[in-house]
Amino acid sequence: MATALEKKIKGMDCLHWVNGKYVPSISGKTFPNINPATEEVIGTVAWGGTEEVNEAVAAAKKALKGEWGKMPLRKRSAILRKIGDLILERKDELAMLETLDTGKPLWMSKSIDIERAAFNFHFFADYMIGIQDEAFHQDDIAIHYTKRKPLGVVGLINPWNLPLLLMTWKLAPALAAGNTVVMKPSEVTPMTATALAEITKEAGVPDGVVNLVNGFGEAGAALSQNPDVAGIAFTGETVTGSAIMKASAPTLKKLSFELGGKNPNVIFADADLEDAVETTIRSSFQNQGEVCLCGSRIYVERPIYDEFVERLASKTRELKVGDPLDDSSTMGSIVSEEHYNKVMGYLNLAKEEGGTFVTGGGRAEHMEKGFFIEPTIITGLGDNARCVREEIFGPVVTIQPFGTEEEVLEKVNDTTYGLSATVWTTNLKKAHRFAGQIEAGIVWINTWFLRDLRTPFGGMKRSGIGREGGHHSFEFYTETTNITVKL
């Protein structure tokens, strides 16, 4: 099945999607789409910029005043549910597209990325029905009540690590709230967003409500600067977030940013060591470490430090870096040559900084082609080492020992980031006390990547602005009017 799908998809061209149809760039320019596991060109991508963005925004603005803006709530909810259903119907195809674009194992695309993408729509299709407005009775003077309205045209700028999952995480609540959108996927992972646009039309979304422009930084900048775009929801690097904020400033757009992270994983001596090791393998190397929530700074209490390092290293050596289409592969390739070179640069830097490679440390040499890196554990680095302080976003973790709770808390919070953290201990009093002092938007205790979509998701400091999930998403994607009636 996978081979047949691969043949069907090979040569797929990714066009823009504007006003309900695929269109090429005005200039006719394209760029190649590269499979990072084979380094082969698998298709071309339309190269969009300011003109294409402006056309897409104009279509979205017009659609906002049409059928979509007048559609009954339950009908819109049914359309969102249908989108989720269609994603599941095309699960094998979408998973193959995701794997060919990202280099991640196909089994992972199927079981995580596509399943969660569908659930994002199913969740918000239900959640949107129960959103309540506020009402206040002010003595015998007046009644105050609120009315939510769509924010307007929203730009959705997406990263390359979980392309469909993260695009649907934004698109579903944006549509649930009644907005129209212009999607801008990463230039290195355009295929599932291209398919998603077509799926929304098949589900009943009117033309012009969902639009897509492929391209590079010019397209993102054009979305950020366009005065008819009311808000930008962005997931990606902190530096890019800063650039979007600067470009959006003249038009005072609403912004929702989920940015970078250098997430700590704290393991106390009383932790369930087997559980901690098994979960740390996932939080270190799942999706080749290309997950914003990965625990890349591991701190282990000294009495169990040596045993933990030995156990983690043993499990890491069992991981199989290989062909993403092989179900036995536990890790695939890095997403692109550019990012591969970045991660390899950090590995070279770790050597210069005096780090010890317990596992990995370089290219997976058994793979003749593709951008494959061994899962790497580094010890012996100081607190100020760049590999400890900077986001690498690859299959690379550092491990450091600590002596006291106060000492490790200082290390944990000594960062410009604040996205997530993980705490391992069987002492729940200590777990609650410690977790409450961590400067991060999400803290897991004795688990990792466990999400309830009703809860707030986002980061502190340079890891983000605002929160997504449940009513937090609706707070961003709507504007609220307070109406006062004098009694």
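Reader: Why is Asp 414 called partly exposed?

Author: Happy to walk through it. This is a predicted model, and in it Asp 414 has a relative accessible area of 40%. Buried means under 20% and exposed means over 50%, so Asp 414, at 40%, is partly exposed.

Reader: What makes Asp 414 and Arg 389 a salt bridge?

Author: The N to O distance between their side chains is 3.4 Å. The cut-off is 4 Å, so the pair counts as a salt bridge. Arg 389 is partly exposed too, with a relative accessible area of 29%.

Reader: Which parts does the pair of Asp 414 and Arg 389 tie together?

Author: Asp 414 lies in the loop between H15 and E17, while Arg 389 belongs to helix H14 (residues 386-389), so the pair ties together parts that are 25 residues apart in sequence.

Reader: How do you know that Asp 326 and Lys 320 form a salt bridge?

Author: Their closest N and O atoms are 3.3 Å apart, and the limit is 4 Å, so the pair qualifies. Asp 326 has a relative accessible area of 29%, so it is partly exposed. Lys 320, at 36%, also counts as partly exposed.

Reader: Are Lys 104 and Asp 113 buried or exposed?

Author: Lys 104 is buried, and so is Asp 113. Their side chains meet in a salt bridge, at 2.6 Å from N to O. By this rule the count comes to 23 salt bridges. One network of salt bridges links Asp 133, Arg 148 and Glu 475.

Reader: What makes Thr 376 buried?

Author: Its relative accessibility is 0%, and buried means under 20%, so Thr 376 counts as buried. Thr 376 is found in strand E15 (residues 376-379). Leaving aside neighbours within four places in sequence, Thr 376 is in contact with several residues, including Phe 285, Leu 347, Phe 357 and Val 397.

Reader: Why are E14 and E18 said to stand at the edges of the sheet?

Author: Strand E14 (356-359) and strand E18 (442-445) each have a single partner strand, so one side of each is left without a neighbour in the sheet. The sheet is open, with seven strands in the order E14-E15-E16-E13-E12-E17-E18 and mixed pairing. From one strand to the next, the twist averages 25°.

Reader: How do you know that E17 and E18 pair?

Author: Pairing needs at least two bridges, and four bridges join strand E17 (residues 420-424) to E18, so they pair. The two run parallel, and Ala 421 has Val 443 in E18 as its bridge partner.

Reader: Which helix lies across E12, E17 and E18?

Author: That is helix H16 (residues 428-435), which runs at about 170° to E18.

Reader: How many bridges join E5 and E6?

Author: Four bridges join strand E5 (residues 135-138) to strand E6 (residues 142-150), in the antiparallel sense. One of the bridge pairs is Phe 136 with His 144 in E6. E5 and E6 form a hairpin with three residues between them, and Asp 139 in the turn has a positive phi of about 50°. E6 is also joined to E20, antiparallel, by nine bridges. There, Tyr 145 has Ile 483 in E20 as its bridge partner.

Reader: Why is Leu 487 called exposed?

Author: Its relative accessibility is 52%, and exposed means over 50%, so Leu 487 counts as exposed. Leu 487 is found in the segment after strand E20 (478-486). Together with Ile 143, Tyr 145 and Val 485, Leu 487 makes a nonpolar surface patch of about 330 Å².

Definitions and conventions
Residues numbered from 1 in each chain as written. Predicted model: local features only at pLDDT ≥ 70, side-chain atom pairs only at ≥ 80, totals over all residues. Heavy atoms only, no water. Axes fitted to C-alpha atoms, helices over the stretch in contact; angles between N-to-C directions. Contact = heavy atoms within 4.5 Å. Patch = residues over 30% accessible without salt bridge, like charges linked within 9 Å, V, L, I, M, F, W, Y side chains within 5 Å. Areas by Shrake-Rupley, 256 points an atom, 1.4 Å probe, with all protein chains shown as cover. Buried < 20%, exposed > 50% of the residue type's maximum accessible area, 1.4 Å probe, protein only.
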